[in-house]
Amino acid sequence: WTPSRLKRDAKTQLAIVFGVLAALKPAGRLVYSTCSLAPTENDDVVRAILDEGRDDGKRRPQRQKQKKKHFHDLRADDPLANLHFQDLQGKAPGGGGDLLLGGVERTEYGAIALPDRSAFGPLYWAVLTSSLCDR
């Protein structure tokens, strides 16, 4: 683990997500997920995706030159909205009956399950919904 490796991995993750978003149907949903605790690989990547999707003329010049699909109305949805209590019941390690959601914290764009507070993790996820158009 080094800061430069985190940045390199985040750049790779961003490229993968852009490839997937190009195939996303209008109003399609993508769950971006990592097993990292580092904001560089989590919310920072989602922020870069959302910044790329803004239709305010502030896209980076190298992306404007590419003839590909761009993302309109890209948004980060509530990462906990579609989780239901019955989906999350489980026994914590040691036989406790704690709800697994108990170790989850919201972040700026997603949520993260922290290994010191839940029966699993780290697990970060963000839910992105987009409409697509050709430019």
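**Close-up views of a predicted model**

**View 1. Thr107 and Asp43 meet through their side chains.** A polar contact of 3.0 Å joins the side chain of Thr107 to that of Asp43. Everything shown here and in the views below comes from a predicted model. In sequence, Thr107 and Asp43 are 64 residues apart, yet their C-alpha atoms are 7.3 Å apart in space. Thr107 is found in the loop between E3 and strand E4 (111-113), while Asp43 has its place in helix H2 (residues 43-53). Is Thr107 buried, partly exposed or exposed? With a relative accessibility of 27%, Thr107 counts as partly exposed. Setting aside neighbours within four places in sequence, Thr107 is in contact with Asp43, Ile112 and Tyr124.

**View 2. Asp43 is a buried charge with no salt bridge.** Which side chain of opposite charge is nearest to Asp43? That side chain belongs to Arg47, and Arg47 is 5.5 Å away. Not counting residues up to four places away in sequence, Asp43 touches Thr107, Glu108, Tyr109, Gly110 and Tyr124.

**View 3. Asp44 and Arg47 pair up within helix H2.** These two residues form a salt bridge, with the closest N and O atoms 2.7 Å apart. Both Asp44 and Arg47 lie in helix H2, three residues apart, which is about one turn of the helix. An α-helix has 3.6 residues a turn, so residues three or four places apart point the same way. Asp44 is partly exposed at 32% relative accessibility, and Arg47 is also partly exposed, with a relative accessible area of 26%.

View 4. At 36% relative accessibility, Asp78 counts as partly exposed.

View 5. Salt bridges with shared partners join Arg5, Arg8 and Asp9 into one network. One of these bridges runs between Arg8 and Asp9, whose closest N and O atoms are 3.9 Å apart. Asp9 is partly exposed, with a relative accessible area of 22%. How many salt bridges does the whole structure hold? A search of the whole structure finds seven.

View 6. Helix H1 (residues 3-21) has 19 residues, which should span 27 Å at 1.5 Å a residue; the end C-alpha atoms are 27 Å apart, so the two agree. Which residues of H1 are buried? They are Leu6, Ala10, Gln13, Leu14, Val17, Phe18 and Leu21. These residues cover an arc of only 140° around the axis, so they sit on the same side of H1. The face turned away from that buried side carries the exposed residues Ser4, Lys11 and Ile16.

Conventions:
Residues are numbered from 1 along each chain as its sequence is written. This is a predicted model: local features need pLDDT of at least 70, side-chain atom pairs count only at pLDDT 80 or more; totals for chains, interfaces and linings use all residues. Side-chain values use heavy atoms; hydrogens and water are left out. Helices (H or I, at least four residues) and strands (E, at least two) are DSSP runs, numbered from the N terminus. Buried means under 20% relative accessible area, exposed over 50%, partly exposed in between (1.4 Å probe, protein chains only). Lys and Arg count as positive and Asp and Glu as negative; His and the chain ends are not counted. A salt bridge is a side-chain nitrogen of Lys or Arg within 4 Å of a carboxyl oxygen of Asp or Glu. Contact means heavy atoms within 4.5 Å. A polar contact is a pair of N or O atoms within 3.5 Å; within protein, one must be able to donate a hydrogen and the other to accept it, and residues adjacent in sequence count only if both atoms are side-chain atoms. The expected span of a helix is 1.5 Å times one less than its number of residues. The arc is that of the directions from the helix axis to the C-beta atoms.
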